[in-house]
Amino acid sequence: GAGVLAAACAPEVVEVVKEVPVEVEKVVEVQVGTATVKMWMLPNFNPLIDLHLIKAGTAAGDDLGIDVLVEPVQTGGWQENVARLTAAHEAGTAADIICPQLGSVGFMQQGIVAPIPDTFDAVGKGGGGWTDVVMNNFALDGVGHLLCIGHAPAYLHIREDLVNAAGYSLPFSSLDELKECAAAMNDPGNGVYGTGMAFAEADDLMHLNPLLWCFGGAAWDENSNPTLDRAENVAALEWYTSIYTDGLSPEASVSWGGGGNNQAYLAGQCAIAMNPGSILAAVRRGDHSVDGLLEKTAVGPWPAGPGGTGPQAQTEAGQAYGVWSGSGLMDEAKQVLQQMWQIDSYIELQKMGQSYLFPALYAAFDDPFFSDDKQNVEILENVIPIMKDESWPSPPQAYTSLWATWAGPACLRVLVDGWSAADAMAEAQETVEAVKAEYV
């Protein structure tokens, strides 16, 4: 019993495992320089331009030791791009490098894009100087904000072989001679029209706006007031719409989208078309069905009209890239832009444009692509020296680049609704005044 009692009274030995916290030093390896500069690229009509920008951005990052992501953005148009960038700015989510396009002046004024004078001036000095169009559109009070990929002047694409066969020669001496020659070439029964002008909202401003200048008119005055209801502008609209009513442009041209006139020229269905160089670029690429079309094509501005102002040409200032003012990588973004706009890379970009782009840096004009090419020489001699901003004679404002706002609708009022040109331009005046009022 005592043995049992002793056993029962013996203390129970319990093994306890105590967890003692141990401090462990965790080493995290951080790679320096991996912050990514994001660039939102606005797609172009010529995909080769996009390809160059992607490659140039990536190469700039490699040269600088900076990760760069060039991200194409899909938009429903230039106005939608401005709205998208504005929303991203307000949300604090914009890319480091952005392209405001139509919003350039407004974005500079509102501080959405940052002033980058050192970068802007260095690129300009290395490229032989910026054009006046750049200084008007992408600098604010002389301070550079945006780097331009190149200008996109609109010009007539003309079947010189058909012009000569009709007994005429280039350049046309006047708008009247252009129309007479178009009538002589017009052969709808065989699928060829004298012209392929656009009368709907697509491509509208590049057709009608410079034509106002030929008649001594303009959409704006020097103080940025709309002047569309002037008699000279009414006369220009009457002349332009008469091309359609006289049967010198395809019936479908009142409903063409952005590529309607392009396709008409490339298919040999019209002898004269007004457009930026996307038509000529397509001809160079062989995207057409007319044998020897490049050799048969001449280019030039609207010829002189009754206004006594001589031939006229309008240019889009072009896409330009700057640094979002909210970027956390401001210095890196400026370095990337400066590297992308080195003159050798910039000249390559112009070549990729295939006559859609023309240099915003003067040194690029010396390249043989411009100085030794038939059509480019015609543009350099007859278009570049006279091209004006869309806003002329007003300085560019946030509200003066009004594509698909008044020109196409005015044409359709006359051709579809049967309005007089005077009434159509009176409505256009009211439309543009209302747009301006949203900004002022």
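Strands count as paired if DSSP finds at least two bridges between them. Strand 8 (residues 155-159) is joined to strand 10 by four bridges. In one of them, Leu 156 has Gly 300 of strand 10 as its partner.

Keep in mind that this is a predicted model: local features need pLDDT of at least 70, side-chain atom pairs count only at pLDDT 80 or more, and totals for chains, interfaces and linings use all residues. Residues are numbered from 1 along each chain as its sequence is written, and side-chain values use heavy atoms, with hydrogens and water left out.

Now for the pockets. On a 1 Å grid over the protein atoms alone, a pocket is an open set of points where a 1.4 Å probe fits, with protein on both sides within 12 Å along at least five of seven lines; lining residues have an atom within 4 Å of a point. A volume is the space filled by probe spheres set on the points, which are joined across faces, edges and corners.

| Pocket | Volume | Lining |
|---|---|---|
| Largest | about 760 Å³ | 37 residues |

Phe 45, Trp 78, Asp 203, Gly 258 and Tyr 356 lie nearest the centre of the largest pocket.

How values were computed. Helices (H or I, at least four residues) and strands (E, at least two) are DSSP runs, numbered from the N terminus.
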